[in-house]
Amino acid sequence: MTNPNRLSFLFAISLMLPAQLASQTGTPTSFVGSAVCKTCHPAIWARWSKTRMANVLNDPKVKPEVILPDFSRPDPVLTFGIADIAFVYGGKLKQRYFRKSGDDYFPLPATWDVTNQVWRPYAHIQQPTGQECDGCHSVNYDIRTKTVTEWNVGCEKCHGPASEHARRPSRANIVNPVRLDFVRANDVCIQCLSTGDSARNPIEGKNYAWPVGFRPGTVLKDFWKMDDRNALGPDNSYYPDGTGHGNRMQGNDFVTSVMYTRGVTCFSCHDVHGTENNADLLKPVSVLCLECHGPASPNGPHVADIARHTHHQQGSAGGDCVGCHMPKIQQTIADVTVHAHTFRFISPAVAQAAKMPDSCTACHKDKTSQWAADALRTWPEFSPWRMNP
Ligand code: HEC
Ligand code: HEC
Ligand code: HEC
Ligand code: HEC
Ligand code: HEC
Ligand code: HEC
Ligand code: HEC
């Protein structure tokens, strides 16, 4: 007969995280770096190595080609030279520069706006980047030694420390986000793609703007406070309807969506190891949503054909689901914006009253919210109680 004690012991073990499991067996699991994963997972490594996640932060002495603007052109905002730069961050929408001082890095006071091709002053962050930035832009930033396993978003940022797995490869000693519950699964992405503060501030007298101590597989809420939705005045980083106002608020937004509660994750739409599509989407924008939504789908929209729902021609920007459900209203720098991730349609009438942008005029920039609200009144598929309350 099977020993019931042994069964419950096995059950308890199966609930443990790899790190706990390792400490149980006496071997501490540590970080090894993405180069180690390459030996056994070469195809994933090759795709990942081309993603922005693997390349946001660079040393210009190793890769001088990452610097986008022309430093030889004088500009009143530009007060430093290439020789001052220890690290370069980014290059899609904006590029920032850092100097080294002792064992700390500090931002230099100008940002390159890639879209508008101009220099903009960068309100100088007084704290070193270890407190403000490095936890998200590296793997295993150690707040005491100020060292990292590697810069950028390496494999173990999402799969956890993997020395044991590399030694004895098994599914049991590595975190695969797809096998976590919906909260922990999304938390793997939200650890970096949200705005907030460490829940443990102050730590040894210092405040941190990243979730110090978080490991994939644990609950982020124990390490992280998202920006307060009820904060008053300039401290509030949300629009009146609760949609994030600024850059990098995908996590703050997505947790409010019905999709989140139904088990849809960031990686239901994005392939984090890299694709040919913008933002590493699994499918191009025009077809992505239709994988799960369509006239016959219980997920909605509940209409006989999609054009009845969108009121725009198929193939027109106004016919894409993202146009109305992910308006570009989150400011990243100056007038450059990214998509909201609440997936809520923001009614023009409601937005007008709340003094915030709406789904229609975020795209019809030459029209007023009143124009859009009036047009919506003639669309019988939608409830007037909700569109024009
Ligand atoms: C020595 C070879 C080897 C190395 C090194 C290695 N892996 Fe693996 N990995 C494997 C094998 C083999 C499997 C499949 C195990 C199985 O199916 O039981 C696997 C499976 C996985 C899985 C999937 C688990 C699942 O749920 O299906 C992930 C995630 C993973 N590895 C991540 C990594 C990461 C991250 C690294 C680097 C830190 C790494 N691996 C290094 C051999 C390796
Ligand atoms: C909570 C995690 C987190 C913190 C803290 C953080 N970042 Fe980032 N950063 C990200 C993520 C995720 C991206 C990529 C997505 C994006 O661009 O919004 C990014 C992208 C960037 C980019 C590239 C933008 C582009 O257009 O290519 C720059 C520059 C940058 N960060 C600078 C900083 C600086 C400077 C700090 C500290 C003052 C910082 N980050 C703090 C997560 C973080
Ligand atoms: C930004 C987070 C992130 C990074 C970085 C990342 N992964 Fe993953 N990985 C995931 C997620 C999420 C899944 C589950 C995706 C799915 O199945 O939908 C996954 C799945 C896997 C799997 C199992 C499924 C498969 O496709 O075979 C392996 C193996 C794996 N990752 C290895 C790696 C390696 C090696 C690296 C570094 C070169 C890496 N990952 C980097 C998040 C990440
Ligand atoms: C239902 C699908 C879906 C889900 C779920 C989703 N995204 Fe997105 N995401 C998109 C689409 C569509 C875009 C726009 C891409 C484009 O315009 O080419 C996007 C864009 C982005 C961008 C690039 C910035 C921008 O707005 O263009 C980032 C970063 C991002 N998503 C992160 C996340 C994170 C983190 C999560 C989970 C918290 C998440 N996404 C969940 C569909 C999704
Ligand atoms: C992996 C499947 C999947 C994908 C891909 C997907 N959805 Fe969903 N969506 C769902 C599910 C499941 C629900 C919940 C349906 C329900 O329970 O009523 C939902 C609900 C919604 C809702 C209504 C609830 C809410 O959160 O407001 C909207 C709007 C929506 N999705 C928009 C989109 C858009 C836009 C895209 C593409 C960017 C997209 N979805 C892609 C599965 C998906
Ligand atoms: C992502 C961009 C986008 C969004 C979001 C969008 N539209 Fe449009 N709209 C277009 C484009 C492009 C056309 C012209 C081609 C067509 O008819 O599809 C158009 C055409 C129209 C027209 C007919 C032509 C005109 O200018 O009189 C009306 C009315 C209209 N849209 C109303 C709306 C309303 C109301 C909303 C919000 C519920 C909305 N649109 C959301 C892009 C958009
Ligand atoms: C022109 C604007 C517009 C476009 C484009 C659009 N929607 Fe909507 N959608 C709306 C409005 C308005 C509502 C009603 C919101 C409310 O009642 O609060 C809505 C509601 C929904 C809902 C929830 C209600 C239901 O019927 O289940 C889903 C799901 C949805 N849309 C999915 C989609 C998908 C998928 C696409 C792309 C094929 C899409 N939408 C394109 C405007 C749009």
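# Exercises on a predicted model with bound ligands

The residues of the shell around ligand 3 fall into twelve nonpolar, five polar and one charged.

## Exercise 1. The shell around ligand 3

Determine which residues come nearest to ligand 3 and which element supplies the largest share of its shell.

Step 1. The shell around ligand 3 holds 18 residues, and Cys37, His41, Cys155, Cys158 and Pro177 come nearest.

Step 2. At least two shell residues are supplied by each of α3, α4 (42-48) and α6.

Step 3. The largest share is that of α6, with four residues.

## Exercise 2. The shells around ligands 1 and 7

Describe the surroundings of ligand 1 by residue, element and class, then do likewise for ligand 7.

Step 1. Ligand 1 is surrounded by 18 residues, of which Cys37, Cys40, Ala162, Pro169 and Asn176 are the closest.

Step 2. α3 (34-38), α6 (155-159) and α7 (163-167) each give at least two residues to this shell. The largest share, three residues, belongs to α6.

Step 3. Nine residues of the shell around ligand 1 are nonpolar, six are polar and three are charged.

Step 4. Around ligand 7 there are 21 residues, and His293, Gly300, Thr310, Cys321 and Cys324 come nearest. Two or more residues of this shell come from each of α13 (306-310) and α14 (321-325), and α14 provides the largest share, four residues.

Step 5. The class count for ligand 7 is seven nonpolar, 13 polar and one charged.

## Exercise 3. The largest nonpolar core and helix α8

Identify the members of the largest nonpolar core and state which element contributes the largest share of this core.

Step 1. Twelve residues form the largest nonpolar core: Cys37, Cys155, Cys158, Ala185, Val188, Cys189, Ile190, Phe214, Leu220, Phe223, Trp224 and Met226.

Step 2. Two or more of these residues come from each of α6, α8 and β10 (224-226).

Step 3. The largest share of the core, four residues, comes from α8. Apart from this core lies another, of eight residues, including Leu57, Phe87, Val88 and Phe98.

Step 4. Helix α8 spans residues 182-190, and its buried residues are Ala185, Asn186, Asp187, Val188, Cys189 and Ile190. Their cover includes α6, α9 (250-254), α10 (258-261) and α11 (266-269).

Step 5. Cys158 belongs to the largest core and is among the residues that come nearest to ligand 3. Neighbours within four places in sequence aside, Cys158 is in contact with Pro177, Val188, Pro216 and Val272.

## Exercise 4. Ser30 and Gln95

Locate Ser30 and Gln95, and explain why each counts as partly exposed.

Step 1. Ser30 lies in the loop between α2 (18-24) and α3. Because Ser30 has 14 C-beta neighbours inside 10 Å, the residue counts as partly exposed; the buried class would require 20 or more, and the exposed class 12 or fewer.

Step 2. Not counting residues up to four places away in sequence, Ser30 touches Pro161 and Ser163. Ser30 and Ser163 are 133 residues apart in sequence, yet their C-alpha atoms are 5.3 Å apart.

Step 3. Gln95 is placed in strand β3 (residues 94-101). Gln95 has 18 C-beta neighbours inside 10 Å and therefore also counts as partly exposed.

Step 4. With residues up to four places away in sequence left out, Gln95 touches Leu68, Val88, Tyr89, Gly90, Thr111, Trp112 and Val114. Between the C-alpha atoms of Gln95 and Arg73, 22 residues apart along the chain, the separation is 17 Å.

## Exercise 5. Overall form and confidence

Explain why the radius of gyration agrees with that of a compact globule, and state which stretch has a pLDDT below 50.

Step 1. A compact globule of 389 residues would have a radius of gyration near 21 Å; the protein chain has 23 Å, and the two therefore agree. Along the principal axes, the C-alpha atoms fill a box of roughly 75 × 70 × 40 Å.

Step 2. The protein chain contains 17 helices and twelve strands, and 29% of its 389 residues are buried. Of the contacts between residues at least 6 apart in sequence, 50% join residues at least 24 apart.

Step 3. The average pLDDT of the chain is 92, and 93% of the residues score at least 70. Over residues 1-26, however, the pLDDT is below 50, and this stretch has 22 contacts in the model beyond near neighbours in sequence.

Notes:
Residues numbered from 1 in each chain as written. Chains lettered and ligands numbered in written order. Predicted model: local features only at pLDDT ≥ 70, side-chain atom pairs only at ≥ 80, totals over all residues. Near = placed C-beta within 6 Å. Nonpolar A, V, L, I, M, F, W, Y, C, P; charged D, E, K, R; others polar. Contact = placed C-beta atoms within 7 Å. pLDDT = per-residue confidence, 0-100. Core = buried A, V, L, I, M, F, W, Y, C linked by C-beta atoms within 7 Å. Rg over C-alpha atoms; globule rule 2.2 N^0.38 Å.
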